[in-house]
Amino acid sequence: MSTRLLLWAAAAGALIPVMAVLNSRLGKAIGEGLHAPVVLFSIGLLFCLVVSWIATKSFPNPQEFGSIKPIEYLGGIIVGFYVISATLLAPRIGVANFIVCAVTAQIVISLFIDHFGLFGATVRPVTTVKLLGVALLLGGLALTQLAEAKSVRQ
């Protein structure tokens, strides 16, 4: 696997908690938390259009949208749900708690998707080592929540 691609993925992941904080701040600045994702996605759409144009010298062809299965649009709803959740929950439960819970769920569900080839994904069977990694991850989630509960009581 290419180190460059892994670093790109790590950078994308590293920016998620930053996005949660900045979007929460944006919501406060404009006076309504639920308006922040609207602004974020507007800017995101412009960014994606620019990158698409630079990389391909074209834009998506709306005539091809009719051949898309409805479930394939679900990703937009999922990312919207995620951004709304990060915007509203990070200030309430903390950025770290939100990210630890979100990433833990992402990895567990990713294993199911890989193992069973859900949604047309390539089948990548779960191994004992992967299960051990998930067990350690779940243990880490439990420890962070115990630490949070202890700090709240003090």
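Mentor: Let us begin with the lining of the largest pocket, to which α1 (3-30), α2 (36-56), α3 (74-93) and α4 (95-116) each supply at least two residues. Helices are DSSP runs of H or I with at least four residues, numbered from the N terminus. This is a predicted model, in which local features need pLDDT of at least 70, side-chain atom pairs count only at pLDDT 80 or more, and totals for chains, interfaces and linings use all residues. Residues are numbered from 1 along each chain as its sequence is written, and side-chain values use heavy atoms, without hydrogens and water.

Trainee: What volume does the largest pocket have?

Mentor: On a 1 Å grid over the protein atoms alone, a pocket is an open set of points where a 1.4 Å probe fits, with protein on both sides within 12 Å along at least five of seven lines; lining residues have an atom within 4 Å of a point. Volume is the space filled by probe spheres set on the points, which are joined across faces, edges and corners. For the largest pocket, the value is about 610 Å³.

Trainee: Which of the 19 lining residues are the closest to the centre of the largest pocket?

Mentor: The lining divides into 16 nonpolar, three polar and no charged residues. Nonpolar covers Ala, Val, Leu, Ile, Met, Phe, Trp, Tyr, Cys and Pro; charged covers Asp, Glu, Lys and Arg; the others, Gly among them, are polar. The closest to the centre are Ile16, Met19, Val79, Tyr82 and Val83.

Trainee: How many disulfides does the structure hold?

Mentor: A disulfide is a pair of cysteine sulfur atoms within 2.5 Å. The number in this structure is zero.
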